[in-house]
Amino acid sequence: NDPSTPAVGDIRIKFSFVPDTTATFVAKQQGQELRPYMTKNGGRILLLKNGEATVDDMFAAAQGENSLMAWVLRGAGFLLMFVGLRMVFAPLSVLGDVVPAIGTLIGMGFGVVAFLIALPLTLITIALAWIFYRPLLAGILLAVAVASFVVLWKRRKKKRTVPETTSADIAS
């Protein structure tokens, strides 16, 4: 705290050792240092790989990592949407808990409904994000999402229009 009276623990010094090895970098060299390369759109590129690699291999590996991360985030988005919808429907299943078996069945039913709503909504979200960069793929995703909503809507209407059977119908 006071430079005129140093004490043990004022400064910590750490030594590290990097063994001599071959490495491949994609970076911008400034004097003796390697700095991230600044792209025109403000992005930063700094890649490192042990051993020798070509520039194409380095960028292909980085693109693969980015693609994997994007799909992990899309999956996490779907999971969050599903969990959020389950939480919205949770009070309804709690009402059914007056009879324990009924509450469990209602909860499972709303879980299926939450899944069937979250999946097309996730596809629509992904498609809207891709509409300018991958319009064909975005169009396919939007078509699948709309088709799933149409199927759910028609099934809902079909269940309502099923005529009830009466005792006269059974007798004949």
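Q: Is R35 buried, partly exposed or exposed?
A: In this predicted model, the relative accessible area of R35 comes to 39%. Buried would need a value under 20% and exposed a value over 50%, so with 39% the class of R35 is partly exposed.

Q: Which side chain does that of R35 meet in a salt bridge?
A: The structure holds one salt bridge, for which a side-chain nitrogen of Lys or Arg has to lie within 4 Å of a carboxyl oxygen of Asp or Glu. For R35 the N to O distance is 2.4 Å, and the partner, partly exposed at 41% relative accessibility, is E33.

Q: In what pattern do the helices and strands follow one another along the sequence of the chain?
A: The chain has four helices and six strands.

Q: Why is the chain described as more spread out than a compact globule, and what is its radius of gyration?
A: The C-alpha trace spans about 100 × 50 × 30 Å along its principal axes. For 172 residues the globule rule gives 16 Å, and the chain is well over that, so it is more spread out than a compact globule, with a radius of gyration of 29 Å.

Q: What percentage of the contacts in the chain with a separation of 6 or more comes from residues 24 or more positions apart?
A: As background on the chain, 15% of its 172 residues count as buried. Among the contacts with a separation of 6 or more, the share that joins residues 24 or more positions apart is 45%.

Q: At what angle do the axes of helix α1 and helix α2 cross?
A: Two packed helices are described by the angle between their axes and the distance between the axes. Here helix α1 covers residues 55-95 and helix α2 covers residues 100-130, and their axes come within 8 Å. The crossing is right-handed, and its angle is roughly 145 degrees.

Q: Which residues does F78 touch, not counting residues up to four places away in sequence?
A: F78 lies in helix α1, and at 19% relative accessibility it is under the 20% cut-off and therefore counts as buried. Leaving aside residues up to four places away in sequence, the residues that F78 touches are F115, A118, L119 and T122.

Q: Which residues does T122 touch when those up to four places away in sequence are not counted?
A: T122 is part of helix α2 and counts as buried, with a relative accessibility of 9%. With residues up to four places away in sequence set aside, the contacts of T122 are R74, F78 and M81.

Q: Which residues does L92 touch, not counting residues up to four places away in sequence?
A: L92 is in helix α1 and is partly exposed, with a relative accessible area of 42%. Its C-alpha lies 58 Å from that of R12, a residue 80 positions apart in sequence. With residues up to four places away not counted, L92 touches I106 and F110.

Q: How many Å separate the C-alpha atoms of P100 and T125?
A: P100 is placed in helix α2 and counts as exposed, since its relative accessibility of 58% is over 50%. From F78, which is 22 residues apart from it in sequence, P100 is 29 Å apart in space, C-alpha to C-alpha. T125 is 25 residues from P100 along the chain, and their C-alpha atoms are separated by 37 Å.

Q: How far apart in space are K157 and V113, C-alpha to C-alpha?
A: K157 is found in helix α3, which covers residues 135-160, and is partly exposed at a relative accessible area of 46%. In sequence K157 and V113 are 44 residues apart, and in space the distance from C-alpha to C-alpha is 16 Å.

Technical notes
Residues are numbered from 1 along each chain as its sequence is written. This is a predicted model: local features need pLDDT of at least 70, side-chain atom pairs count only at pLDDT 80 or more; totals for chains, interfaces and linings use all residues. Side-chain values use heavy atoms; hydrogens and water are left out. Axes are lines fitted to C-alpha atoms, for helices over the stretch in contact, and angles run from 0 to 180 degrees between N-to-C directions. Helices (H or I, at least four residues) and strands (E, at least two) are DSSP runs, numbered from the N terminus. A crossing is left-handed if the near helix is turned anticlockwise from the far one by less than a right angle, and right-handed if clockwise. Buried means under 20% relative accessible area, exposed over 50%, partly exposed in between (1.4 Å probe, protein chains only). The radius of gyration is taken over C-alpha atoms; the globule rule is 2.2 Å times the number of residues to the power 0.38. Contact means heavy atoms within 4.5 Å.
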